[in-house]
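Biologist: Please show me how to read the inside of a protein model. Keep it short, and give the cut-offs as we go.

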Amino acid sequence: MSNNTTLPSKSATDICLTDRQMSLSVNSAEGVLIGTIIPVLVLFGISGNILNLTVLLAPNLRTRSNQLLACLAVADIVSLIVILPHSMAHYEMFETALWFRKFYGKYKFQIIGISNWSIATATWLVFVICLERLIIIKYPLSVRKQAKFFTPRNVVSIIVVTTFILTSYNHVSHACAEKLFCNGTQYHVACIEINSERWFRNEPNPNSELMKSLVRYAPQVNAIFVVLIPVILVIIFNVMLILTLRQRQKLFEPSKTIRGDSQYGSQAKTEHKVTITVTAIVTCFTITQSPSAFVTFLSFYIQKDWFTLSAICTILVVLGKALNFVLFCLSSASFRQRLMMQTKQGILRKSTRYTSVAAHL
């Protein structure tokens, strides 16, 4: 966790900071983009992904692909939840609230760490989902041979553990000093990187060289293995999946029939429909996540003001996670039918329960 220390000073407690000094927004553009647009997308995205889970985790629909898609929905929900404090920080009612400033000041980098972890998990899950679909379509027999070890539980566990290790540096990357101003009514936190040459009160940096090297190089390793490589792989395999899908589309034309028994033909059509849904999700991911990936990677090597562009990329990332429910509904008739059936059953159960309670009154 980031180190939080208090810097006592009797004279400083009487000083009142200006609104600009107390602002948690880098600039006005970031305040509008993150503070206004993100909350709407987050609420829609969380609701949509919860609905996705209700369908994907239905007892008779727990296929390998649906389990991976359900894990992706969970990762997206976590990502959307942990981005809310960043959005709340741009509202005056939270920005000036002492309790929120203390919470956000102390745990900001832990929140960033969890956010990066969940996004990294989702990114590699998208790659695995895309790869799994491509293998099923092109080499259906090989899936049965590899199914024993490469189960969703094993694959997801490996991804979650590996991405946690790669993103865990966020929890120790900064040291923060907290101080109360204006007679204890204003709470302010200043944070610096662990590997910074300057330290609080111009004291020598107390951290070890190992810790400094970790914080210095870990973000670059993270950018390569968590951001750049998986996004490039997703783009490549998604193009391959789209090309394969176009070739197989001819097999399902009304004038043609699939060779083999009717059971194989029916299964092939089902796999084809699932692949269409996966392709839509992966394509949306590629469009919404790629800009953020390349901006993140370039920011390590090009020193400039990336705040506004990063805010726009953040909106694209959140938009991509919020659109998954829409993509499921648009690309899968079975998903729509299952969702409508579950909704009707839920309404019927509530109606029956209400009628039963009313009858006993």
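**Cavities, core and salt bridges**

Modeller: Helix 9 supplies the largest share of the lining of the largest cavity, five residues. Helices (H or I, at least four residues) and strands (E, at least two) are DSSP runs, numbered from the N terminus. This is a predicted model: local features need pLDDT of at least 70, side-chain atom pairs count only at pLDDT 80 or more, and totals for chains, interfaces and linings use all residues. Residues are numbered from 1 along each chain as its sequence is written, and side-chain values use heavy atoms, with hydrogens and water left out.

Biologist: How many cavities does a search of the whole structure find?

Modeller: The general idea comes before the count. Rolling a probe the size of a water molecule over the atoms shows where empty space is left. On a 1 Å grid over the protein atoms alone, a cavity is a set of points where a 1.4 Å probe fits but cannot get out; lining residues have an atom within 4 Å of a point. Points are joined across faces, edges and corners, and a volume is the space filled by probe spheres set on them. Here the search finds three cavities of 30 Å³ or more. The largest cavity holds about 80 Å³ of space.

Biologist: Which residues line the largest cavity?

Modeller: Among them are Leu72, Asp76, Ala122, Val126, Ile281 and Lys321. Helix 3, helix 5, helix 9 and helix 10 each give two or more residues to that lining.

Biologist: Leu72 lines the cavity. Which residues is Leu72 in contact with, leaving aside neighbours within four places in sequence?

Modeller: Contact means heavy atoms within 4.5 Å. Leu72 is in contact with Ala122, Leu125, Val126, Ile129 and Ile281.

Biologist: Now the core. Which residues have the most contacts inside the largest nonpolar core?

Modeller: A nonpolar core is a set of buried Ala, Val, Leu, Ile, Met, Phe, Trp, Tyr and Cys residues joined through side-chain atoms within 4.5 Å. Buried means under 20% relative accessible area, exposed over 50%, partly exposed in between (1.4 Å probe, protein chains only). The largest core has 35 residues, and Leu72 and Phe335 have the most contacts inside it. Helix 5 gives the most to this core, with eight residues. Another core, of eleven residues, lies apart from it and includes Ile34, Leu41, Leu80 and Ala311.

Biologist: Next, charges. How many salt bridges does the structure hold?

Modeller: A salt bridge is a side-chain nitrogen of Lys or Arg within 4 Å of a carboxyl oxygen of Asp or Glu. The structure holds four. In one of them, Asp76 pairs with Lys321, with the closest N and O atoms 2.9 Å apart. Asp76 lies in helix 3 and Lys321 in helix 10 (residues 307-322), so the pair ties together parts that are 245 residues apart in sequence. Both Asp76 and Lys321 are buried.

Biologist: Is Arg64 buried or partly exposed?

Modeller: Arg64 is partly exposed, with a relative accessible area of 26%. Glu132 is buried, at 7%.

How values were computed: 1 Å grid on protein atoms, 1.4 Å probe; cavity = no way out; pocket = protein on both sides within 12 Å on 5 of 7 lines; lining within 4 Å.
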